[in-house]
Amino acid sequence: MQPDVRMLRAREDVGRAISRDEEDALLEACRASRSRSLYPAVLIALNTCMRYSELRLLCWGQLDLNSCTLTVGQSKTESGTGRLLPLNDRAVAILGFWASLFPQREPGHFVFPAERYGASGDGATVVYGSDPTRPIGRWKEAWESGKIRARVSCRFRDLRHTGCTRMLEAGVPFSVVATIMGWSPSTTVRMARRYGHIGQTAQRQAVNALKGVNFEGDGAQKWAHSQKAQMRQIAN
């Protein structure tokens, strides 16, 4: 059947970056969620650009909080599997706090374990049935509820898109961003077209570096001025 099947063309306009205000509202809603792992998961996703499955299957043995690094496990692509990610202060702080909740954790235990939630008599959330040998099933219900409370329309994968956009807007070289994102060579080419407009500031800085430090007084500028003067004389 394969020769007779035509794959749909991948859309290049999918995804959006949330604003800082939307991020604040979303994080506030996630903090209020009954799922205690939703807030750290969303915060880490924003600050590492990890994929949903990479985050869900993360184990403690992949984290090194002393060196502030994280090694991604099995990923969607070969380029993404095993990539080493540096952790910023924000990610280290939340992971350090989260680790303190699991004093008996082992390298093979999941950072976000399967667990259940209930309510005590005073309405507080009670965690029970936690199994660190199994990963959390999903954050779908908690995530959807959080978005409704925050009045933010986005997908979990848009957190990754947001991080990518912010790095490029800050002038981070595209090759560095591609490494952090774990893109394959073919995906990197596609993403260069999708995000090309974002990197224009960095591109402008790059070409400005070609002119040299003494551009203002070099022959190129003098020649340009002389040509303009000659054109005005001819026109007169």
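Three strands, in the order E1-E2-E3, form an open sheet with antiparallel pairing, where strands count as paired if DSSP finds at least two bridges between them, and where helices (H or I, at least four residues) and strands (E, at least two) are DSSP runs numbered from the N terminus. This is a predicted model, in which local features need pLDDT of at least 70, side-chain atom pairs count only at pLDDT 80 or more, and totals for chains, interfaces and linings use all residues. Residues are numbered from 1 along each chain as its sequence is written, and side-chain values use heavy atoms, with hydrogens and water left out.

E1 (63-64) and E3 (84-86) are the edge strands, each with a single partner, so one side of each has no neighbour in the sheet. E2 (residues 69-71) is joined to E3 by 3 bridges, and Thr69 stands opposite Pro86 in E3.

Turning to E4 (residues 113-119), 5 of its 7 residues are buried, so this strand is largely enclosed by the rest of the structure; buried here means under 20% relative accessible area, with a 1.4 Å probe and protein chains only. E4 pairs with E5 (residues 125-135) in the antiparallel sense over 6 bridges, with Pro113 opposite Pro135 of E5.

Finally, the helices: H2 (residues 38-48) and H4 (residues 89-100) pack at about 155°, their axes 9 Å apart, the axes being lines fitted to C-alpha atoms over the stretch in contact, and angles running from 0 to 180 degrees between N-to-C directions. That makes H2 roughly antiparallel to H4, a label given to angles over 145 degrees.

Note on methods: Angles under 35 degrees count as roughly parallel, over 145 as roughly antiparallel, 65 to 115 as roughly perpendicular and the rest as oblique. Buried means under 20% relative accessible area, exposed over 50%, partly exposed in between (1.4 Å probe, protein chains only).
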